[in-house]
Amino acid sequence: MGEFKVHRVRFFNYVPSGIRCVAYNNQSNRLAVSRTDGTVEVYNLSANYFQEKFFPGHESRATEALCWAEGQRLFSAGLNGEIMEYDLQALNIKYAVDVFGGPIWSMAVSPSGSQLLVGCEDGSVKLFQITPDKIQFERNFDRQKSRILSLSWHPSGTHVAAGSIDYISVFDVKSGSAIHKMIVDRQHMGVSKRKCIVWGVAFLSDGTVISVDSAGKVQFWDSATGTLVKSHLIANADVQSIAVAEQEDSFVVGTAEGTVFHFQLVPVTSNSSEKQWVRTKPFQHHTHDVRTVAHSPTALISGGTDTHLVIRPLMEKVEVKNYDAALRKITFPHRRLISCSKKRQLLLFQFAHHLELWRLGSTVATGKNGDTLPLSKNADHLLHLKTKGPENIICSCISLCGSWIAYSTVSRFFLYRLNYEHDNISLKRVSKMPPFLRCALQILFSEDSTKLFVASNQGALHIVQLSGGSFKHLHAFQPQSGTVEAMCLLAVSSDGNWLAASGTSAGVHVYNVKQLKLHCTVPAYNFPVTAMAIAPNTNNLVIAHSDQQVFEYSIPDKQYTDWSRTVQKQGFHHLWLQRDTPITHISFHPKRPMHILLHDAYMFCIIDKSLPLPNDKTLLYNPFPPTNESDVVRRRTAHAFKISKIYKPLLFMDLLDERTLVAVERPLDDIIAQLPPPIKKKKFGT
């Protein structure tokens, strides 16, 4: 692997937003996740749980509900009183409709996928018809006395259960009238509470309504008679969420204590046809409130205040040992929040509403391998650039020379020129940016900092010429006719002649920047692209996919390289393919053309193309034999993959020069320490 001096950076004070709600789509096997800052993410569970799409947050959008409708359409509703539909191709919001009922606390789509129901602050339940282009208000149900906090349709689509404060209502969909009102017991641990909040309801095919509430209870109701059938006290705090399997043979609930409980429908006796609901498994994968849960055919999914998206496999449902058989905790976004100016040794950190520019520290000390060297000059916080308005930052970038910073929100694009004089820095904004650059999904500077490449959410790729403190729009590569596919990843060659762009459908297009035309399209692959880069000198495009496959494509020859064909013929090591975090960054050593540097959240790897690939009988993570072995033995047992797991969780890693690396880590304990305190639980012996 070679020796490097490593800048180990831990001052990126990034804290992900908590998870508010999740929605699972069984048809496409995708999961939508909304966070407390209004951000919505879409994960493709069939593509190794990769975060393939995201919609930036907004200060005025507190999303309280998410749901999928017929035709793979995604809707959200929140405390601003609006229902929004998302464009999954252009990655923007199609429209927003005010329901005129105050803040929206709950939303549910009908079993047919053609109707949408929302529960509002004023106690109203409103029914909307989903049309091909929009949604249309149909009618109001009987208004209740308090806010509607949860909704669930009967699988037949004829009745709806609504959870409120102290009671559950059952509505007839055809008439819109309430036919039953079931009063919830306020008793909690023998003490009567002032009110009992019904946080979640689930309506089963046999007419059973399952409710979860702030008294820590899971209760079963008969909707035909409006009576309580059974009650389970499972927590000393609120039970905040519930999700039922499609077959209705199990359900999952999440509590404010961080525990997830699994209930299953099992026979009363071994030979009995009569079945009952039994609490079978508790899981403690969260430190804070579990605000939302989902139930896929093979896993229990949960999320909450501690920012983790936890996917817990149901081993009895998993047939083969593959991606579905591993417990996953997804904490960090599968996109880059950090960019680097190698020439000035600067790091640009992206937060929701501001950017931070830091200069790395330096040392004059020397030492042996593994030593921690004292700093002779500490890292400097040079710039704090705050955005105006309520919109979150989508993407940002600093040029390699450190003279330009660009970032984008949904409605505006910002470009700044930086000047350095000794230890002082001055900033000048470039005015009158063209409106078509707004809502950029990816920004990239050329290596010589003379060009800026911008990928818009409408599928266009813009090339901007930079000179002095001004800019000039040179060209726009438009998407193919009839398609609007957002480009999420960009890579430019070191000579500035080639530009590669990857869209949401896993396709990669390569453009000739000099001739301003499409050069070629990389053969389609089934899994989305997670990272890509163009090697200097050879102009080979290296592409990493979410299934952990890595391809090398020759741009001049318009075909895969011999090394890539050899890799695909032999296959990667099974431990490499079983990794559960995607590769997020690829780079190259300037003096070692056979080396490919890449990393995910838990490992840094150098692939040496001159060495043989490891087979499944070889140790992947320990390629070097003991130092007392002869050089012949060492060469015979060494393979192409040199992996380090010292730095984690690893948000960014890149070469600054031939002998220097920068690694940006974000320890999970530092994130937990900045969250609000969890519910204190009494422990035995304390």
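The model is predicted.

Start with the domains. The chain is divided into domain 1, residues 19-244, and domain 2, residues 245-330. Domain 1 gives 35 residues to the contact, and domain 2 gives 36. The C-alpha centres of the two domains are 19 Å apart.

How much area do domain 1 and domain 2 bury between them? The figure is about 3,100 Å². Of that area, 59% is on carbon and sulfur atoms. The size of an interface is often given in this way, as the accessible area lost when the parts come together.

Next, look at what crosses the interface of domain 1 and domain 2. The rule finds 0 salt bridges there. Polar contacts do occur: 11 residue pairs make them, with both residues at pLDDT 80 or more.

Which elements of domain 1 give two or more residues to the side that touches domain 2? They are β2 (19-25), β3 (30-35), β21 (208-213), β22 (217-222), β23 (227-233) and β24 (239-244). The largest share comes from β24, with 6 residues. Sorted by class, this side of domain 1 has 24 nonpolar residues, 7 polar ones and 4 charged ones.

Ser164 sits in the loop between β15 (159-163) and β16 (167-172). Is Ser164 buried or exposed? Ser164 counts as buried, because its relative accessibility is 1%, and the cut-off for buried is under 20%.

The side chain of Ser164 has polar partners. One is the side chain of Ser146, in a polar contact of 2.5 Å. Another is the backbone oxygen of Arg147, which lies 2.8 Å from a polar atom of the Ser164 side chain. Setting aside neighbours within four places in sequence, Ser164 is in contact with Ser146, Arg147, Ile148 and Leu149, and also with Cys196, Ile197 and Val198.

The last stop is Asp448. Asp448 is in the loop between β40 (440-445) and β41 (451-456). Asp448 counts as exposed because its relative accessibility is 52%, and the cut-off for exposed is over 50%.

Asp448 also has polar partners. Its side chain makes a polar contact of 2.7 Å with the side chain of Ser446. A polar contact of 2.8 Å links the side chains of Asp448 and Thr450. Ser399 is 49 residues away from Asp448 in sequence. In space, the C-alpha atoms of Asp448 and Ser399 are 8.5 Å apart.

Definitions and conventions:
Residues are numbered from 1 along each chain as its sequence is written. This is a predicted model: local features need pLDDT of at least 70, side-chain atom pairs count only at pLDDT 80 or more; totals for chains, interfaces and linings use all residues. Side-chain values use heavy atoms; hydrogens and water are left out. Domain bounds come from an automatic or database domain assignment. Contact means heavy atoms within 4.5 Å. Buried area is the accessible area (1.4 Å probe) that two parts lose on being put together, summed over both. A salt bridge is a side-chain nitrogen of Lys or Arg within 4 Å of a carboxyl oxygen of Asp or Glu. A polar contact is a pair of N or O atoms within 3.5 Å; within protein, one must be able to donate a hydrogen and the other to accept it, and residues adjacent in sequence count only if both atoms are side-chain atoms. Helices (H or I, at least four residues) and strands (E, at least two) are DSSP runs, numbered from the N terminus. Ala, Val, Leu, Ile, Met, Phe, Trp, Tyr, Cys and Pro count as nonpolar, Asp, Glu, Lys and Arg as charged, and the others, Gly among them, as polar. Buried means under 20% relative accessible area, exposed over 50%, partly exposed in between (1.4 Å probe, protein chains only).
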